[in-house]
Amino acid sequence: MAKNTNNRIPVKWIRDKAKAAYEKQDYCYVCNGVVDLELHHLHSITILLNRWASHKNYDISTDSGILAVRDEFIAEHQTELYELVYTLCNKHHVTLHGVFGKAPALGSEARQKSWIEKQKAKAEGKSPIVDSLSLFGNFL
Ligand SMILES: [Zn+2]
Ligand SMILES: [Zn+2]
């Protein structure tokens, strides 16, 4: 069975390796929720990886192919992988991808950002309980 030796989609190898260095926050950026937290990249790593590999003429269609260039990809995409990211709860993460698609188009980063800020403002207006609690804390 010398078919495709690729057991996993290439971007999974990137995520595995990069995950160790992710600095996920302890709460959702939008609603301050603390459960089911996930990391959202403004730049779709799948799209970045495929574009990068084809530009460099790298074959990432096999496990060994992606593993050979994984570190190089990560080194060249520090900003996209580690800085232009948001910690979101699953609910807000799913909602965002519902609006922008499973792999948001490159170039939509600014629109994603303003969408996130808008949801944050909305969430803050709707949950004054959190604010009064922390205010209350100051009087203790
Ligand atoms: Zn949230
Ligand atoms: Zn995401």
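At what angle do helix α1 and helix α2 pack? The angle is about 115 degrees, and the two axes lie 10 Å apart. This is a predicted model. Helix α1 also packs with helix α3, at an angle of about 55 degrees. Both contacts are set out below.

**Helix α1 with helix α2**
- Helix α1 covers residues 10-19, and helix α2 covers residues 45-56.
- Angles of 65 to 115 degrees count as roughly perpendicular, so α1 is roughly perpendicular to α2.
- The α1 and α2 crossing is right-handed.
- From α1, the contact uses Pro10, Val11 and Ile14.
- From α2, the contact uses Ile45, Thr46 and Leu49.
- By class, 5 of the residues in this contact are nonpolar and 1 is polar. None is charged.

**Helix α1 with helix α3**
- Helix α3 covers residues 63-76, and its axis is 10 Å from that of α1.
- The two helices, α1 and α3, are therefore oblique to each other.
- The crossing of α1 and α3 is right-handed.
- On the α1 side, the residues are Pro10, Trp13, Ile14, Lys17 and Ala18.
- On the α3 side, they are Ile66, Leu67, Arg70, Phe73 and Ile74.
- This contact has 8 nonpolar residues and 2 charged ones. It has no polar residues.

**Residues of α1 in the two contacts**
- Pro10 and Ile14 are among the α1 residues that meet α2, and they are also among those that meet α3.
- Val11 is listed in the contact with α2, while Trp13, Lys17 and Ala18 are listed in the contact with α3.

Key
Residues are numbered from 1 along each chain as its sequence is written. Chains are lettered from A and ligands numbered from 1 in the order in which they are written. This is a predicted model: local features need pLDDT of at least 70, side-chain atom pairs count only at pLDDT 80 or more; totals for chains, interfaces and linings use all residues. Axes are lines fitted to C-alpha atoms, for helices over the stretch in contact, and angles run from 0 to 180 degrees between N-to-C directions. Helices (H or I, at least four residues) and strands (E, at least two) are DSSP runs, numbered from the N terminus. Angles under 35 degrees count as roughly parallel, over 145 as roughly antiparallel, 65 to 115 as roughly perpendicular and the rest as oblique. A crossing is left-handed if the near helix is turned anticlockwise from the far one by less than a right angle, and right-handed if clockwise. Two residues are in contact if their C-beta atoms, placed from the backbone, lie within 7 Å. Ala, Val, Leu, Ile, Met, Phe, Trp, Tyr, Cys and Pro count as nonpolar, Asp, Glu, Lys and Arg as charged, and the others, Gly among them, as polar.
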